Amino acid sequence: MKKIMILGDSLSLPRPENFHTFDPFESLSLGVEFDETYPYLLQKNLSDYYVINRSVRASTIKQIYNRDRSDHIFLTKPDVVIVHVGIVDLWPRVELNGRSYLSETEFATYYIKLLSEADILTSTRVICIGIAPTSLKMSSKYPGVQDAIEKFNEIIKSICSLKEEYSFIDLSNVFTVEHSEELLMKDGHHLNPKGNKIIAQKLIEMLEDSEERSPQVEKNVSTNLMTLHIKDMFVNQSYFFDIDCIKHHEKVIIYGAGELGKSIYRRLLERKIVVEAFIDQNQAGKFLGVPIIPIDVIDKSKLLNLDKVIIASYQFRDEMFEELNKRGIGQGKTLTYSNQITVSIKKMYEMIEVCKYESE
């Protein structure tokens, strides 16, 4: 019997109408019952497959990559991996001042990393489910979220175009904004029973179609750039900063003396660009001879004379912008984590380094 592994967030799980007010002691009735989920419908209709649903509520692609790739991919060795993720990653968060958990670049990078590790199992097929458009109500409540969904879908679609073994299920033609309320729950992004049924049908058609084709040719592992030393891969997030725009004569400070800031410094060092100092909220001291100065004590004139301040953070960049603005540094002098993918998806492979991390 073949094995199907589903990796994702809560979209493939049973769910009450309102998760926050759900009280099983009052009522066990759900908006989507277990036997209405698409994993259950797959198991019911595909007698030759054993369906393993390892989705976890509120998961991002980064969490799935860090949490699931060993136990759920390498140890289970599924014949089919279904990846259904993205809405948690891109949704605007109040606690992050409207930013999403992951930027587009981070999302693409971890998606590529996850799929490339599945490539180690040379006969495993990967099916990626796109993100359904949200409702008109949610679009009005969260301006820009529909654009984000389209961008993240383009990322998934582009990644799936890299290999014949990757398949993409585009939900945008069925789950249209105008008709989304017929297929989604009231929250505007979780699938209702009808939505689950549609996805199950699409997956069944795709799997049955592949069964009718000639046996899949094994992947040529020697041509898979991501296979060698896969366990040692790490994301060098300093490549998400366009440091090529920095001139050699410019005065530069890095705001943030954590691992990201230090990684950016190493890249600048390779290009023989002098970093005047690090500034940080909590640290003081030196790193490779460069002073780390608390932002509360740095000389304001030193900041004003700078050409570039690199903000070495995605999560706290707005707060860091604000701190710099208080000291007279506008965004014209700042360089920060890009929230747009400025390179092609194929170039993203170059951002994922297949090598061991060099400790400080």
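Arg327 is buried in this predicted model, with a relative accessibility of 17%. The side chain of Arg327 forms a salt bridge with Glu323, in which the closest N and O atoms are 2.9 Å apart. Glu323 is likewise buried, at a relative accessible area of 18%. Because burial is assigned under 20% relative accessible area, Arg327 at 17% counts as buried, and so does Glu323 at 18%. Both residues belong to a network of salt bridges that also takes in Asp296 and Lys326.

In total, eight salt bridges were counted in the structure. One of the salt bridges joins Arg69 to Glu117, with 3.2 Å between the closest N and O atoms. Arg69 is located in helix H2 (residues 61-74) and Glu117 in helix H4 (residues 104-118), so this pair ties together parts of the sequence that are 48 residues apart. Glu117 has a relative accessibility of 2% and therefore counts as buried. Arg69 also lies over the face of Tyr65, at 4.2 Å from the ring centre.

Aromatic contacts were examined next. A pair of aromatic rings is described by the distance of the centres and the angle of the planes. The structure holds eight aromatic pairs. Among them is the pair of Tyr265 and Phe287, which is edge-to-face, with 6.0 Å from centre to centre and 75 degrees between the planes. This pair links distant parts of the chain: Tyr265 is found in helix H9 (residues 259-270) and Phe287 in strand E9 (residues 285-287), 22 residues apart. Tyr265 and Phe287 are both buried. Elsewhere, one aromatic cluster is made up of Phe107, Tyr111 and Phe152.

Note on methods:
Residues are numbered from 1 along each chain as its sequence is written. This is a predicted model: local features need pLDDT of at least 70, side-chain atom pairs count only at pLDDT 80 or more; totals for chains, interfaces and linings use all residues. Side-chain values use heavy atoms; hydrogens and water are left out. Rings of Phe, Tyr and Trp (its six-membered ring) pair if their centres lie within 6.5 Å; planes under 30 degrees apart count as stacked, over 60 as edge-to-face and the rest as tilted. Helices (H or I, at least four residues) and strands (E, at least two) are DSSP runs, numbered from the N terminus. Buried means under 20% relative accessible area, exposed over 50%, partly exposed in between (1.4 Å probe, protein chains only). A charge sits over a ring if NZ of Lys or CZ of Arg is within 6 Å of the ring centre and within 35 degrees of the ring normal. A salt bridge is a side-chain nitrogen of Lys or Arg within 4 Å of a carboxyl oxygen of Asp or Glu.
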